[in-house]
Amino acid sequence: MKPEIALRALETMYRIRLFEEMGKTRYNQNRMNGNFLGAFHSSIGQEAVPTGVSLALRRDDYVFSTHRGHGHALARGLDVKKVMAELRGKTDGCSGGRGGSMHLFDTSLGFLGGNGIVGGGLPLALGTAYSAYYRGTDQVTVCFFGDGAASQGTFHEALNMAALWKLPVVFVCENNCYAVMTHVRETVCIANVADRASGYGMPGCVVDGNDVLAVYQRTEEAVCRARQGGGPTLLECKTYRIDSHCMMLPEIRADNEIAGWKEHDPIRRWEKHLVENNIAGRGECEKLRAGVEAEIEEADRFAEESRYPDAEGFRKEIAGI
Amino acid sequence: MPRRGTKLTNQFFVLCLCIFVANHLKFMRELKYIEALNEALLEEMEREEKVFVVGEEVGALGGGFGATKGLLERFGPKRVLTTPISESGFTGLGVGAALTGLRPVVEIMYLDFITTAMDQVVNQAAKLKFMSGNTVEVPLVIRMPYGVGTREAAQHSQSLEAWFMHVPGLKVAMPATAYDAKGLLKTAIRDNDPVVFIENRMLYFKAEEVPEGEWLVRFGEAAVKREGKDLTLVALSGMAPKALEAAEAVAGEISVEVIDPRTLVPLDMETIVDSVKKTGRLLITHEAPVRGGVGGEILRQAQEHCFDFLDAAPVVLGGLNTPIPFSPPLEDVCVPQTADVIAKIREMTE
């Protein structure tokens, strides 16, 4: 990985982490004042997955996200201010306040939305991949989904058809060990979701999802294969969700399990890698982090100051439909 | 000279007759409902490269009932995509492809099977444009045949149009004739929003006189199938021919105005309301179970606009609130028949 890409990876992971922390703070403040702002699904601890995957993509590729999609959006390059404003239901949000946290979009980046339905995006990814084949382009589609979605019927249908027609899609299973509060060992009886790939006739690959370099490298291989007409790949990134499923639910997992995974924090690991390999010094990392901190604070201000959409205008807009 | 003149006049007359006959032969012909759908698909695929069809058996077999017949030979497998039995997967394929600007036409073999793909219809197709703040569009058509008549029991005979009408973000078309089937399908394919296109399986093989060439039928324009002054009879799709039979049977005693809404979303209430203001009586009929059906919704809207004009309580004559049984005599009582419509007309005009 080139030094500038290595540093961009670090910056992106800082951006996701600090965004989630700011988002959680604002969510909890609103909630204490009696205002619910959705559920807020934090992706703290999983930053390396969207970061590594997105670095391997081209601007004209397609990305489908999930309910836990802030990281996917930011890694893809969505405007931090617009994403923050969307989480607050404001008019400057990337979906004008109509989608919220689970429905972030940016068509200019081929970012075709989060999805509130677990497994709902898998068939959609099949569609953009088919469209690329149909139009004769070499665009690749990446579809993020979790270990929970691997038990949905759409997983089977989408993987079967993608392999059948050799479509250019990379299925990225972010296995964060939990579907809400149910551990993956209670929902899947084999060691790896990726082991299912052979049953569909596509390559499957397990990667350490807290190692941004490994995620990047494995994604790059899969993207390259897809772009050259070699068909889909099932890439399973093993990671861990540090926060509870969402801010509305209490934590019920064992403290020592969470603490154990914090030892494998993807950001600290990458900082260490950069320092030890003389790619960046500690000071440089801190400077990068400070820059992102300022950016997140600005986004927070922007979201706060942005107007709410006009309810009367909305009423008029939908009246004729 | 006069003789020569007469001869010229005769020749002119014969020529005119020939042109008239030729034109008539050229411009009017018999077409079955299913052939009309096939023609619409063929014409739209010729016209626009972005249009493709996808579904089970759409290739060599030509679709479950023949709507895609000949398309594989003409356009090849990329544009006529036969899928595994994966309704959710290939409906979603259509939604995803539509997000990128293609115009997929998804065929669901029987309307009943859409139940396995409802997430893709209700949560994805209907909502993506809205949730994205209108930054994406879903120009998708989902075709599906509905209804009874072929005696295929409870999982192949349903009329679920009310489900789709109830979900904001979908348009719903329900043609009753070959003319409307072609004109509405072409409009649906050119529409930039997802359209649920509900076809009547029993009308598929009914032929009618239609013009040659191309025509469109706009959404949101009901068809007044027969004018009348005593009672307004709104009939959905498969009930439209029965409604016309009933109106004919009582003609002379009761003058019935028959209206086919053609599309449920958008719904042309103006035509219905104007008619009720004239007749003072409203009867709505459909094959779907009467409970929670489209008839109740039409009745609600009509009452808001013409309550003071009503001379009798408005009525919805729908299907029985039961799964459809297999046995023919049992199936027949589950949906309104022409005799039921006649009886209801008489009851309301006594």
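This is a predicted model: local features need pLDDT of at least 70, side-chain atom pairs count only at pLDDT 80 or more; totals for chains, interfaces and linings use all residues.
In chain B, seven strands line up as S3-S2-S4-S5-S7-S6-S12, making an open sheet with mixed pairing. Strands S3 (80-82) and S12 (263-265) of chain B sit at the edges with a single partner strand each, so one side of each has no neighbour in the sheet. On average, neighbouring strands here are turned by 20 degrees against each other, direction ignored.

Here are some of the strands of chain B with their residue ranges:

| Strand | Residues |
|---|---|
| S5(B) | 141-146 |
| S7(B) | 195-200 |

Take a look at S5(B) and S7(B): they pair in the parallel sense, over six bridges. Within this part of the chain, Tyr146(B) stands opposite Asn200(B) in S7(B).

Then there's the place where the two chains meet. Chain A puts 26 residues into the contact, and chain B puts in 28 residues. On the chain A side, helix H5 (121-135) and helix H6 (153-164) each supply at least two residues. Which helix gives the most to the side of chain A that touches chain B? That's H5(A), with nine residues. Sorted by class, the side of chain A that touches chain B has 11 nonpolar, 13 polar and two charged residues.

Key. Residues are numbered from 1 along each chain as its sequence is written. Chains are lettered from A and ligands numbered from 1 in the order in which they are written. Two residues are in contact if their C-beta atoms, placed from the backbone, lie within 7 Å. Helices (H or I, at least four residues) and strands (E, at least two) are DSSP runs, numbered from the N terminus. Ala, Val, Leu, Ile, Met, Phe, Trp, Tyr, Cys and Pro count as nonpolar, Asp, Glu, Lys and Arg as charged, and the others, Gly among them, as polar. Two strands pair if DSSP finds at least two bridges between them. Axes are lines fitted to C-alpha atoms, for helices over the stretch in contact, and angles run from 0 to 180 degrees between N-to-C directions.
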